[in-house]
Structure formats: C-alpha cells, structure tokens
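Hello,

Here is the structure we talked about passing on. Please open it first, then read my notes below.

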Amino acid sequence: MLKNAFSLEGKTALITGAASGLGYAMAECMVASGAKVIIADLNGPLAQQAAENLGPMATYSQFNVSETTKTQAWVNGLLDQVGQIDILVNNAGNHCKKPIEEMSVEDFESVLDVHVVAAFALTKALVPHMKRHGNASVLFTASMTSFLGQPYVAGYAAAKSAYLGLIRALTTELAGAGIRVNGIAPGWIDTPMLRKAIEGDDERRNKILGRTPMKKFGKPEDIGWAATYLASEAAAFISGQVLVVDGGALIGF
C-alpha cells in the first residue's frame, strides 16, 4: 500500500487558465497536496500574483493557448525550466452567449479554438515527453453543457461536448504509455462569475437550486480536490472518465 495515494509530492502540474477561478482552485489544492504547479494564463500580472499567493511551489507563465503555432516552443521552454511535467490540466476557456442568429461563425470558431483546438495542441506537444516518463495524467475541464442543453451557448456547448470525444479517444490511444486521460464537469460553483449571472435573478437561482438535490452551490475547492484526486495515484485505474461535481444536479428532478 502507498503511504498516501492522494499525495502529489514529486509531481509537476501545468494548469492553463489558472490565474483565477476554478483553475486557481485546482492549483491551490494541488500545491496543498505536494505538487509543483505552473500557473499558465493569458493575463500575466494576474498569473504572477496567483503564483506569489501560492508560494514557492508555484511558478507562472503568460501564454495565449490559442496561438497554437507557438505551443510546442512554449512547452519546450517550460520543460527546460522545470525538467518534467507529470500533470496537464486543460482548463483555459472563453465564452460567447448569443442567440444563434446573432452568433457569427467567427464567434463560434473562437470558442472552439480556445477550448478544443488549443487543448489538443497543448496535449499533443506534451505527449512525447509524458510517454518517455510514463505515469502521467491529462485532465480536461468539461461542463454541465457537455451533457445538458442550454440556450445561447452553442459554441461553448459544442466545445465542451467535444472534450468527451477527446477524452475517450486519447484514453484508448495513450493508456499503454502510462498516460491517463480524464475530465471534470463542474456544476454550479459559487464563483464571482456565477454570482454575477444570478444577481437579481431569483428565478434563475431557484431553478438551479431546484434541480440540485444538495440544494446548494459548490465551492471552487470542490473542483480543486476532484482534479487532485484524478491526478493522484489514488485514481491509478481511472481513465476515460468525466467526474461530474455538481451536488447531484445532472440527475436531479
């Protein structure tokens, strides 16, 4: 038996979109579990501040994941600095909320570019390195829209649903090399973004809580600990799965 199968001691994680929100929560929990973490984000100053808040186990790197022609060079630079990356969390994302009549093709493509194409490019860039070392983990931040229909977010829903296919395909392709691939689908989590979305909208708030058996919103660290678990040896036989962290909302009635 391992002394602590949930520990990430000796591991290094690269988390995109980690300067704030759920990405930061994942970084915080992984650091607490012993991992070194690279905070990658489009917002350099915010990423630097996040890394400083997390202490000496965290570093930061400013990068726009949608600039996929630069991804391999960026990854090579990170590997030169840290030596090894054991955990990749594809968390960076963007959003576009418009009716389909108003959502341009460019709007739709921009969401897929950040979520799907960028995550594919980053995973592709790290796979040869992960194959050499083995015992690696790739995570994708999926969504309730991977499973549920929601209006006005066609691009986002398509992107998050695409993650399900990527997770399944990469699991079958990479398992023999010791690389596990999983996802996390957050439910409604108490973040500034959610508070802004439901502020003054009691109908929407009540609708969310009404379908959530636990009758409450999740906390960012609920997602952070889920990511930590999936990246740890405690989940050594788990691959190709999407862990829904939603207080039961997906199956709520």
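Which residue in E4 is the bridge partner of isoleucine 15? It is valine 89.

Some ground rules. This is a predicted model, where local features need pLDDT of at least 70, side-chain atom pairs count only at pLDDT 80 or more, and totals for chains, interfaces and linings use all residues. Residues are numbered from 1 along each chain as its sequence is written, and side-chain values use heavy atoms, with hydrogens and water left out.

The sheet

Strand E1 (residues 12-16) and strand E4 (residues 87-90) run parallel and are joined by three bridges. Strands (E, at least two residues) and helices (H or I, at least four) are DSSP runs, numbered from the N terminus. Two strands pair if DSSP finds at least two bridges between them. The open sheet has seven strands in the order E3-E2-E1-E4-E5-E6-E7, with parallel pairing. Strand E3 (58-62) and strand E7 (242-245) stand at the edges with a single partner strand each, so one side of each has no neighbour in the sheet. The twist averages 20° from one strand to the next. Angles run from 0 to 180 degrees between N-to-C directions, with axes as lines fitted to C-alpha atoms, for helices over the stretch in contact.

Helices on the sheet

H4 lies across E1, E4, strand E5 (136-141) and strand E6 (179-186), at about 175° to E4. Helix H8 (residues 220-231) lies across E4, E5, E6 and E7, at about 165° to E6. Contact here means heavy atoms within 4.5 Å.

The cavity

The structure holds one cavity of 30 Å³ or more. The largest cavity has a volume of about 50 Å³. A cavity is a set of points on a 1 Å grid, over the protein atoms alone, where a 1.4 Å probe fits but cannot get out; lining residues have an atom within 4 Å of a point. Grid points are joined across faces, edges and corners, and a volume is the space filled by probe spheres set on the points. Helix H4 (residues 105-133) gives the largest share of the lining, five residues. Among the lining residues are Thr16, Asn90, His115 and Tyr163.

Aromatic pairs

There are three aromatic pairs. Rings of Phe, Tyr and Trp (its six-membered ring) pair if their centres lie within 6.5 Å; planes under 30 degrees apart count as stacked, over 60 as edge-to-face and the rest as tilted. Phenylalanine 6 and tyrosine 229 have ring centres 6.2 Å apart and planes at 35°, so this pair is tilted.

Best wishes

Methods: 1 Å grid on protein atoms, 1.4 Å probe; cavity = no way out; pocket = protein on both sides within 12 Å on 5 of 7 lines; lining within 4 Å.
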